[in-house]
Amino acid sequence: MQMTEEAGVAVAEAPACAITLLPSGKSFTSHAGESVLDAALRQGILLPHQCKTGTCGACRARVVDGEAACLPGAQPAALSAEEAGQGMHLLCCTQATSDLRIECAEIPHIPGIAVRKLPVRVTALERLAPDVMRVLLQPPPGQRLHYAAGQYVDVLLPGNRRRSYSLATPAREGQEQLELHIRHLPGGLFTGQVFGRLKARDVLRIEGPFGTFGMHDGASTAPAILLASGTGFAPIKALVEQLLATGSQRPVHLYWGGRKREDLYQHALCLEWAQALAGRLAYVPVLSDAPASDGWAGRTGWVHEAVLQDHADLSQHEVYACGAPAMVEAARRDFAARAGMRAAAFFADAFVAQPG
Ligand SMILES: Cc1cc2nc3c(=O)[nH]c(=O)nc-3n(C[C@H](O)[C@H](O)[C@H](O)COP(=O)(O)OP(=O)(O)OC[C@H]3O[C@@H](n4cnc5c(N)ncnc54)[C@H](O)[C@@H]3O)c2cc1C
């Protein structure tokens with residue numbers, strides 16, 4: 001056991017636990033008080049995950065050997081009592097209390113992608129809609145952040161709080177700035193700042209990249225339904241720009257839902273994509289609550305219902321859904337029940353609220 005010194009008093013430091021992943025046999029170490037997921041990411045091992053709050057369940061895995069416990073204050077809401085009884089854990093909420101062997105899927109390592117903390121300078125704040133801000137962030141010289149389209153970063157706030165924001169462009173050679181689309185939640189801790197006192201040249205601290213949304217695709221040529229509500233458009237934009245950059249021939253149906261016209265804050269860009277990729281990318285904007293003054297002549301109702309109206313059979317499709325948790329869950333449930341979507345073909349990034 002190692003000793004450290006705190007306020008002049010020698011304190012025993014718990015030894016690190018060794019975690020072995022099955023079936024790969026890959027291993028890493030985890031410290032007391034650290035989630036197994038954080039430990040893996042810190043050491044460059046990418047395990048499936050998304051919200052990091054216990055809500056989405058993407059980091060579900062089975063502990064086959066050893067002792068693990070829930071981190072103090074963590075809420076593994078996505079884990080049923082039955083799953084817990086079978087040794088399942090949510091790795092974002094679980095700490096190792098002994099060496100562990102865990103049965104877990106792994107995401108193939110992408111060279112260059114590693115979770116880092118960085119100071120970033122705000123270089124531009126642009127209102128895309130009355131309640132949506134485009135925020136551009138510049139990392140320090142030579143410290144470009146490498147990430148995959150669909151990933152997100154956490155903005156680090158005082159008091160160990162953090163807020164997640166999707167990266168709205170794919171990482172590109174020669175482009176270092178990070179683009180975020182942030183919706184104002186009145187009374188919100190961080191978005192209140194973004195729409196209040198945050199200004200160009202301010203410095204924020206971020207950590208990332210996180211999330212494995214959008215990284216399951218590989219060389220799939222299955223037709224894709226891209227489904228966004230509100231600022232859920234940000235990671236979807238990164239995926240579309242990635243498809244454009246790689247010259248992908250994959251058929252894509254992009255559905256973007258909002259309440260009123262201004263919620264589709266980059267409608268013109270989507271129309272441009274649809275025109276440039278005629279026959280490959282279809283764009284379907286859908287409004288649920290447009291006032292008559294919007295003069296909206298397009299589709300109306302819930303955006304996921306519009307997908308079902310157009311696609312009675314989703315058994316051959318992959319679905320990428322981002323934004324409001326209620327929309328993501330309705331799509332997951334109804335696409336499977338009413339259109340035969342395979343559970344494994346549904347990839348989601350639900351913008352769940354974060355603690356603190
Ligand atoms: C993986 C991930 C990616 C995300 N990406 C984006 C993004 O690209 N753009 C973006 O605008 N947001 C995104 N979010 C949501 C974002 O992280 C924050 O939750 C949100 O901006 C609110 O932060 P806040 O500090 O202003 O509000 P808080 O102080 O956290 O909350 C204020 C009030 O709003 C409620 N609330 C918090 N978050 C939400 C929400 N998402 N929807 C509805 N009510 C909420 C809280 O329960 C509380 O009542 C993402 C979330 C996750 C988990």
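**Entry 1: a helix lying across strands**

I began with helix 7, residues 325-339, and found that it lies across strand 16, strand 20 (318-323) and strand 21. Helix 7 runs at about 165° to strand 21. I noted for myself that this is a predicted model.

In what order do the six strands of the open sheet come? I read the order as 19-18-17-16-20-21, with parallel pairing. Strand 19 (299-300) and strand 21 (346-350) are the edge strands, and each of them pairs on one side only. I reminded myself that strands of a sheet pair through backbone hydrogen bonds.

I then picked one pair to follow. Strand 17 (residues 252-258) and strand 18 (residues 281-287) run parallel and are joined by seven bridges. Here I found Leu254 opposite Tyr283 of strand 18.

Helix 6 (residues 303-310) packs on the sheet too, and I saw that it touches strand 16 (224-229), strand 17, strand 18 and strand 19. The direction of helix 6 makes about 145° with that of strand 17.

**Entry 2: two helices side by side**

My last stop was helix 4 (residues 233-246) with helix 5 (residues 267-276). Their axes come within 12 Å and cross at roughly 25°. Angles under 35 degrees count as roughly parallel, so I wrote down helix 4 as roughly parallel to helix 5. The crossing is left-handed.

Which residues make the contact? From helix 4 I listed Phe233, Lys237, Val240, Glu241 and Leu244, and from helix 5 Leu269, Cys270 and Trp273. Sorted by class, I have six nonpolar residues, two charged ones and no polar ones.

Notes:
Residues are numbered from 1 along each chain as its sequence is written. This is a predicted model: local features need pLDDT of at least 70, side-chain atom pairs count only at pLDDT 80 or more; totals for chains, interfaces and linings use all residues. Side-chain values use heavy atoms; hydrogens and water are left out. Two strands pair if DSSP finds at least two bridges between them. Helices (H or I, at least four residues) and strands (E, at least two) are DSSP runs, numbered from the N terminus. Contact means heavy atoms within 4.5 Å. Axes are lines fitted to C-alpha atoms, for helices over the stretch in contact, and angles run from 0 to 180 degrees between N-to-C directions. Angles under 35 degrees count as roughly parallel, over 145 as roughly antiparallel, 65 to 115 as roughly perpendicular and the rest as oblique. A crossing is left-handed if the near helix is turned anticlockwise from the far one by less than a right angle, and right-handed if clockwise. Ala, Val, Leu, Ile, Met, Phe, Trp, Tyr, Cys and Pro count as nonpolar, Asp, Glu, Lys and Arg as charged, and the others, Gly among them, as polar.
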